[in-house]
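Keep the viewer open as you read.

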Amino acid sequence: MSCLQTIADYGLRAIGIGERLLPRSDFTLCQQFTLIGSGMIWNIYFGVMALAAGFFLATLLALGKGSRLWITRKPAEWFIFIFRGSPLFIQFFFAYFSFLSLKNSEGLFLIQILFWVLPDAFVTVGLQDAIMGFFRNVVQPAAQPFTAAWLGAGFVLFLNTSAYTGEIFHGALKSIPKGDLEAADAYGLSGWSRFRRITFPTMLRLAWPAYTNEAIFLFHATTLVYFSGFPAWQQRGDALYYAQFFADKTFNPFIPYPILAFYFILLTLAVIGLYGIANRYLNRHLPQEARRRLRIRPNLIR
Amino acid sequence: MFESCADPSSLEGLSWFACYLTTGKHMAFYASFGTVLLLLAIILPAALLFGFAGATAARSRFLPLSILGKTYSAIVRGVPDIAFFLFFVIALDQAFEYIRHKIKCPDWSEPIRQGNDFVVCTAAKMPLSNSPAWVHDTYAFLVAVLTFAIVYGAFAAQVLYGAMQAVPRAQIETAEAYGMSHAQAFRRILVPQMWIYALPGLGNLWMIMVKATPLLFLLGIQDVVYWARDLGGTKQARFTDYPHGDWRMFYFGALLVFYLLLTWVSEKVLDRLTRRFSLGQATAAGEAMRKAGA
């Protein structure tokens, strides 16, 4: 079988297009390259979705944490603490089993606890029926798609990256030069227009190098998805899933893992390149000397 | 555990839970939290050792050594750490068996890699197939420790390399003016002073390592994740005295709380350490403390 044929068969295997059976024996280098590459589709999907959605929640969290209002500050602080303070691996497990419990009848156990906690006077038959009905008709169907990796794991990654990015944005928000804000005041900018024209762009500019790191490590974190409860339905997995598949079958880790490393280094370089373009755009008004260079350093891994 | 647990079917409510939570398997679950802390206690010095070697190599004036040191710390930036875990756990095992094979069975003629198999002579197996279970467990744990140390050593190398660069150049020049050799200046001046610069990075590394400990599960160790999955799963009345539904959600919720506590305590301790180490240092924080004291 030629390599082109293999690519046609397995190039989109990770999303269920092409040959259904995975290779069983005589694993060629081409097969390993193709399948692991096809798994990268999932890594890119998870990373891009989480980053795109997380950006907005992170901005809200940063503003919330920086707010003087207790009611917005505390939730943001707790959210950031919970998602940054616990391992992503455990978060995946917890989320997966929670969704599973909500989907199945085990979720009723939660309702029993609720009834047990509530004072007896509250728990009338009507209320019980209403809560059970709500659970059956709304919660169970809603939890159904979240037990699949594409939505459930994506959701966890979205919350997780929001927390990390929120912390980065919060730090940047605090280090906006005082003079910039005073200048905005002097020009009569306030409220929304000050935020849109001064605060937000400056925050992004200051946060961008750290945000680039966050993006890189988020892509790395996507490899955890299929090792943390979420099932790889019909063997449609991510790059690490296929790399481990080959390492298990051939008992030779020295081929699939370097291939995976090769793909991830490419992905990392692509992320650095794209974020570098954005960084240049954000810094375009500054004199050459003052522009902040992107420095890529490992920061918090989940 | 308790006398009253002898007949589980007669229990109810809280006493049922008290008995349920003290079964032998639950005791193993609680002990596995100790495994996590033990792992942390071992890998911190081990990773520092690897990191120190890596950072020293990266600073070397001998080019190949310096390239080696820099590559070591650079590679973890590009590749997910979990890929390293899955890789090293097989690769290290095979490397050990290969070396033992070469020493113990020199007259073995067949190739070691036969198609999809990795075949070494019986005497070279790690650990020997007739050794007791605890040897297998300990060996698996040690391979896991080594894997962690190699991967997080690369992070530590980066931190320590930065810290070594951050020690003011004047300090080294003064040492040289006193006639110290390169090695002496390194040992007596650079290494004692670099820690305050390394502390924020090392604190970060500690947090990373705390949050990486559940990955032990992927290395085949019976750790907290293993037990949470095992104990939380649905239990049929036929197989156990304590039947229950799918409680994995609650077990993993407990793990979540455990890790939150661990990082919270770590944060407090690191804050204290930073203040302690800043005392008398030529840094802004040290200067502020001097002024406050004076």
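**From one lysine to the whole assembly**

Lys74(A) is partly exposed, with a relative accessible area of 29%; on this scale buried means under 20%, exposed over 50%, and partly exposed in between, using a 1.4 Å probe and protein chains only. Before going on, some ground rules: this is a predicted model, local features need pLDDT of at least 70, side-chain atom pairs count only at pLDDT 80 or more, and totals for chains, interfaces and linings use all residues. Residues are numbered from 1 along each chain as its sequence is written, chains are lettered from A and ligands numbered from 1 in the order in which they are written, and side-chain values use heavy atoms, with hydrogens and water left out.

Back to that lysine. Lys74(A) makes a salt bridge with Glu77(A), with 3.4 Å between the closest N and O atoms. The term here asks for a side-chain nitrogen of Lys or Arg within 4 Å of a carboxyl oxygen of Asp or Glu. Both residues sit in helix H3 (residues 70-85) of chain A, three residues apart, or about one turn of the helix. Helices are DSSP runs of H or I with at least four residues, strands are runs of E with at least two, and both are numbered from the N terminus. Glu77(A) is partly exposed too, at 27% relative accessible area.

Elsewhere in chain A, Asp185(A) and Arg194(A) meet in a salt bridge at 3.2 Å, N to O. Asp185(A) counts as partly exposed at 45% relative accessibility, and so does Arg194(A) at 26%. Over in chain B, Lys25(B) pairs with Asp230(B) in a salt bridge, the closest N and O atoms being 3.2 Å apart. Lys25(B) lies in helix H2 (residues 24-59) of chain B and Asp230(B) in helix H8 (residues 224-232) of chain B, so this pair ties together parts that are 205 residues apart in sequence. Salt bridges that share partners also join Arg73(A), Lys74(A) and Glu77(A) into one network. Over all chains, the structure holds seven salt bridges.

How many of these run between chain B and chain A? The count is zero. The contact itself takes 46 residues from chain A and 43 residues from chain B, where contact means heavy atoms within 4.5 Å. About 4,200 Å² is buried between the two chains, and carbon and sulfur atoms give 76% of that area. Buried area is the accessible area (1.4 Å probe) that two parts lose on being put together, summed over both.

Now zoom out to chain A. Its elements are eleven helices and zero strands, and the C-alpha trace spans about 70 × 70 × 25 Å along its principal axes. Of its 302 residues, 49% count as buried. Among contacts between residues at least 6 apart in sequence, 76% join residues at least 24 apart.

One last stop is the backbone. Most residues other than glycine have a negative phi. Gln234(A), however, has a positive phi near 50 degrees, and Gln235(A) has a positive phi of about 55 degrees. Gln234(A) is placed in the loop between helix H9 (191-221) and helix H10 (239-250) of chain A, and Gln235(A) is in the loop between H9 and H10 as well. Gln234(A) is partly exposed at 30% relative accessible area, and Gln235(A) is partly exposed at 33%.
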